[in-house]
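Have the structure open in a viewer with selection by residue number. The stops below say what to select next and what is there.

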Amino acid sequence: TQENGMATTVLDRVLAERAQSDGAKRAHKKRKKEGHDIAANIRDAKQLTTGVLTANGIHSLHGPQFFKAFNTWELARHEKQEKAASPKQFFNCSAEECAAYLQ
(Lines give C-alpha, C1' and ligand atoms only; values in the text may rest on other atoms or scores of the structure.)
Protein backbone atom coordinates (compact mmCIF):
# COMPACT_ATOMS: atom_id res chain seq x y z
CA THR A 1 0.00 0.00 0.00
CA GLN A 2 3.02 2.31 0.10
CA GLU A 3 2.76 2.89 -3.62
CA ASN A 4 -0.87 4.00 -3.22
CA GLY A 5 -0.14 6.47 -0.46
CA MET A 6 -1.06 7.15 3.12
CA ALA A 7 -4.66 8.12 2.36
CA THR A 8 -5.37 4.74 0.77
CA THR A 9 -3.88 2.89 3.74
CA VAL A 10 -5.98 4.87 6.21
CA LEU A 11 -9.11 4.38 4.11
CA ASP A 12 -8.45 0.61 3.91
CA ARG A 13 -8.14 0.42 7.70
CA VAL A 14 -11.33 2.43 8.26
CA LEU A 15 -13.27 0.19 5.88
CA ALA A 16 -11.88 -2.97 7.48
CA GLU A 17 -12.85 -1.69 10.94
CA ARG A 18 -16.34 -0.83 9.76
CA ALA A 19 -16.79 -4.27 8.18
CA GLN A 20 -15.81 -5.93 11.46
CA SER A 21 -18.14 -3.62 13.37
CA ASP A 22 -21.06 -4.41 11.03
CA GLY A 23 -20.38 -8.13 11.41
CA ALA A 24 -20.38 -7.78 15.18
CA LYS A 25 -23.68 -5.89 15.05
CA ARG A 26 -25.26 -8.60 12.89
CA ALA A 27 -24.00 -11.31 15.27
CA HIS A 28 -25.39 -9.38 18.24
CA LYS A 29 -28.80 -9.03 16.58
CA LYS A 30 -28.81 -12.76 15.80
CA ARG A 31 -27.94 -13.66 19.41
CA LYS A 32 -30.60 -11.27 20.68
CA LYS A 33 -33.23 -12.80 18.38
CA GLU A 34 -32.27 -16.33 19.42
CA GLY A 35 -32.35 -15.24 23.05
CA HIS A 36 -36.11 -14.91 22.86
CA ASP A 37 -36.26 -18.58 21.94
CA ILE A 38 -34.14 -19.79 24.87
CA ALA A 39 -37.10 -20.43 27.14
CA ALA A 40 -38.91 -22.28 24.35
CA ASN A 41 -35.81 -24.35 23.51
CA ILE A 42 -35.36 -25.38 27.12
CA ARG A 43 -39.08 -25.98 27.62
CA ASP A 44 -39.10 -28.36 24.64
CA ALA A 45 -36.02 -30.28 25.83
CA LYS A 46 -36.72 -33.75 27.18
CA GLN A 47 -33.89 -33.53 29.70
CA LEU A 48 -32.27 -30.45 31.13
CA THR A 49 -28.57 -31.07 30.61
CA THR A 50 -25.49 -28.87 30.54
CA GLY A 51 -25.38 -29.33 26.76
CA VAL A 52 -28.87 -27.90 26.39
CA LEU A 53 -28.00 -24.98 28.66
CA THR A 54 -24.70 -24.08 27.01
CA ALA A 55 -26.17 -24.45 23.52
CA ASN A 56 -28.66 -21.76 24.53
CA GLY A 57 -25.98 -19.49 25.98
CA ILE A 58 -26.68 -20.17 29.66
CA HIS A 59 -23.42 -20.66 31.51
CA SER A 60 -24.55 -19.87 35.06
CA LEU A 61 -27.35 -21.29 37.17
CA HIS A 62 -27.66 -18.03 39.08
CA GLY A 63 -28.87 -15.81 36.26
CA PRO A 64 -32.45 -14.67 35.74
CA GLN A 65 -32.36 -16.01 32.19
CA PHE A 66 -31.83 -19.54 33.56
CA PHE A 67 -34.56 -19.23 36.18
CA LYS A 68 -37.10 -18.06 33.62
CA ALA A 69 -36.25 -20.90 31.26
CA PHE A 70 -36.15 -23.46 34.08
CA ASN A 71 -39.53 -22.41 35.42
CA THR A 72 -41.16 -22.78 32.00
CA TRP A 73 -39.50 -26.19 31.60
CA GLU A 74 -40.75 -27.34 35.00
CA LEU A 75 -44.26 -26.09 34.30
CA ALA A 76 -44.41 -27.89 30.95
CA ARG A 77 -43.00 -31.06 32.51
CA HIS A 78 -45.59 -31.05 35.30
CA GLU A 79 -48.41 -30.43 32.83
CA LYS A 80 -47.27 -33.41 30.75
CA GLN A 81 -47.08 -35.62 33.83
CA GLU A 82 -50.51 -34.59 35.04
CA LYS A 83 -52.01 -35.14 31.62
CA ALA A 84 -50.45 -38.61 31.34
CA ALA A 85 -51.34 -39.59 34.93
CA SER A 86 -55.00 -38.62 34.80
CA PRO A 87 -56.81 -41.67 33.42
CA LYS A 88 -60.48 -41.52 32.65
CA GLN A 89 -62.48 -42.07 35.79
CA PHE A 90 -65.40 -44.44 35.71
CA PHE A 91 -66.53 -44.01 39.31
CA ASN A 92 -69.80 -42.35 38.39
CA CYS A 93 -70.53 -44.46 35.31
CA SER A 94 -73.04 -47.19 35.02
CA ALA A 95 -72.04 -50.53 33.51
CA GLU A 96 -73.74 -49.60 30.24
CA GLU A 97 -71.92 -46.24 30.02
CA CYS A 98 -68.54 -47.88 30.69
CA ALA A 99 -69.22 -50.55 28.07
CA ALA A 100 -70.25 -47.92 25.54
CA TYR A 101 -67.11 -45.88 26.24
CA LEU A 102 -64.77 -48.85 25.94
CA GLN A 103 -66.17 -49.92 22.56
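Helices (H or I, at least four residues) and strands (E, at least two) are DSSP runs, numbered from the N terminus. This is a predicted model, in which local features need pLDDT of at least 70 and side-chain atom pairs count only at pLDDT 80 or more, while totals for chains, interfaces and linings use all residues. Residues are numbered from 1 along each chain as its sequence is written, and side-chain values use heavy atoms, with hydrogens and water left out.

**Stop one: Val52**

Select residues 50-55, which make up helix H3, and pick out Val52 there. Which residues does Val52 contact, leaving aside its neighbours within four places in sequence? They are Ile42, Ala45 and Gln47, where contact means heavy atoms within 4.5 Å.

**Stop two: Thr9**

Go to helix H1, residues 6-35, and select Thr9. Is Thr9 buried or exposed? Thr9 has 17% relative accessibility and counts as buried. Buried means under 20% relative accessible area, exposed over 50%, and partly exposed in between (1.4 Å probe, protein chains only). Show Gly5 as well: its backbone oxygen lies 3.2 Å from a polar atom of the Thr9 side chain.

**Stop three: the aromatic pair**

Move on to Phe70 and Trp73, three residues apart in helix H4, or about one helical turn. One aromatic pair is found in a search of the whole structure. Its rings, those of Phe70 and Trp73, have centres 5.9 Å apart and planes at 35 degrees, so the pair is tilted. For this, rings of Phe, Tyr and Trp (its six-membered ring) pair if their centres lie within 6.5 Å; planes under 30 degrees apart count as stacked, over 60 as edge-to-face and the rest as tilted. Colour the two by accessibility: Phe70 is partly exposed at 26%, whereas Trp73 is buried at 10%.

**Stop four: the salt bridge**

Stay in helix H4, residues 64-85, and select Glu74 and Arg77, which lie three residues apart, about one turn of the helix. How many salt bridges does the structure hold? The structure holds one, a salt bridge being a side-chain nitrogen of Lys or Arg within 4 Å of a carboxyl oxygen of Asp or Glu. Glu74 forms a salt bridge with Arg77, and their closest N and O atoms are 3.3 Å apart. Glu74 is buried, with a relative accessible area of 18%, while Arg77 is partly exposed, with 32%.

Key. A polar contact is a pair of N or O atoms within 3.5 Å; within protein, one must be able to donate a hydrogen and the other to accept it, and residues adjacent in sequence count only if both atoms are side-chain atoms.
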